[in-house]
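Here are my notes for you to read with the structure open beside them. Take the points one at a time and find each residue as you go.

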Amino acid sequence: MTAKISYDEVEVGTELPAQTFPVSRATLVRYAGASGDFNPIHWNEKFAKEVGLPDVIAHGMFTMAEAIRVVTDWAGDPGAVAEYGVRFTKPVIVPNDETGALIEVSAKVAAKLDDDDRTVRVDLTAMSAGQKVLGMSRAVVRLA
């Protein structure tokens with residue numbers, strides 16, 4: 001696969017289509033099985049509260065992975081992401097109810113980095129329950 005977005009057609013300030021990702025307790029259990037991260041703060045409400053958390057929280061790497069989907073869906077190729085980094089600022093709290101939590105992600109092209117490599121920097125904003133859950137969320141993307 002190659003990126004479907006052309007470097008020449010992208011401008012600084014281009015907004016990527018925002019997406020919202022639902023997270024339930026069942027989602028967290030499935031992610032724990034896939035990742036091997038069975039820390040009880042991600043599935044056991046009693047334990048999470050005993051260690052000072054308000055409730056069960058989503059895995060940080062899960063939150064990071066959901067956020068980058070905005071970029072990979074836009075680029076059309078997950079392999080187009082050359083670099084990606086975040087700071088975890090707040091946890092995604094996942095209540096045990098019918099709705100769970102939502103991770104709302106927006107992104108925009110913040111810089112055109114290299115005409116020869118056709119790379120851009122995309123800055124992402126990830127929010128849950130009105131709080132920013134990822135800080136300094138940035139990806140370098142190689143475009144067509």
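1. A word on what you're looking at. This is a predicted model. The UniProt record, an unreviewed entry, places a feature called "domain: MaoC-like" at residues 14–115. In the model, that span is 32% helix and 30% strand. Its end C-alpha atoms lie 17 Å apart.

2. Next, the inside. The largest nonpolar core has 35 residues. Those touching the most other members are Leu16, Trp74, Ile103, Val105, Val122, Val141 and Leu143.

3. Skip its neighbours within four places in sequence, and Leu16 is in contact with Val70, Val71, Trp74, Ala107, Lys108, Val109 and Val122. Two names on that list, Trp74 and Val122, are also among the core residues that touch the most other members.

4. Now the strands, starting with S3 and S4. How many bridges pair S3 with S4? There are 9, and the pairing is antiparallel. To see it for yourself, find Ser106, which stands opposite Thr125 in S4. The S3–S4 hairpin has 4 residues between the strands, and Arg118 there takes a positive phi near 60 degrees. Keep Arg118 in mind, as this residue comes back in point 6.

5. On to S4 and S5. These strands also run antiparallel, joined by 8 bridges. Here the pair to look for is Val122, which stands opposite Ala139 in S5. This hairpin has 2 residues between the strands, and Ala129 takes a positive phi near 55 degrees. As you step along a strand, bear in mind that side chains in a regular strand alternate between the two faces of the sheet.

6. Salt bridges next. Side chains of opposite charge can pair when their charged atoms come close. A search of the whole structure finds 8 salt bridges. One of them joins the side chains of Asp8 and Arg118, at 3.2 Å from N to O. Asp8 sits in the segment before S1 and Arg118 in the loop between S3 and S4, so this pair ties together parts that are 110 residues apart in sequence. Asp8 counts as exposed because its relative accessibility is 55%, while Arg118, at 24%, counts as partly exposed.

7. Is the pair of Arg25 and Asp55 buried or exposed? Arg25 is buried, with a relative accessible area of 14%, and Asp55 is buried too, with 11%. Their side chains meet in a salt bridge of 2.6 Å, N to O. Arg25 belongs to helix H1 (residues 25–35) and Asp55 to the loop between helix H2 (45–50) and H3, so the bridge ties together parts that are 30 residues apart in sequence.

8. There's a salt bridge inside a helix as well. Glu45 pairs with Lys49, and their closest N and O atoms are 3.2 Å apart. Why are they separated by about one helical turn? Because they are 4 residues apart in helix H2. Glu45 counts as partly exposed at 29% relative accessibility, and so does Lys49 at 44%.

9. Pro22 lies in strand S1 and is exposed, with a relative accessible area of 54%. Beyond the residues up to four places away in sequence, Pro22 touches Ala101 and Leu102. Ser137 is found in strand S5 and is buried, with a relative accessible area of 4%. Leaving aside neighbours within four places, Ser137 is in contact with Tyr84, Gly85, Val86, Val122, Asp123 and Leu124.

Methods: Residues are numbered from 1 along each chain as its sequence is written. This is a predicted model: local features need pLDDT of at least 70, side-chain atom pairs count only at pLDDT 80 or more; totals for chains, interfaces and linings use all residues. Side-chain values use heavy atoms; hydrogens and water are left out. UniProt positions are given in the numbering used here, feature names are shortened, and annotations may be inferred rather than shown by experiment. A nonpolar core is a set of buried Ala, Val, Leu, Ile, Met, Phe, Trp, Tyr and Cys residues joined through side-chain atoms within 4.5 Å. Buried means under 20% relative accessible area, exposed over 50%, partly exposed in between (1.4 Å probe, protein chains only). Contact means heavy atoms within 4.5 Å. Two strands pair if DSSP finds at least two bridges between them. A salt bridge is a side-chain nitrogen of Lys or Arg within 4 Å of a carboxyl oxygen of Asp or Glu.
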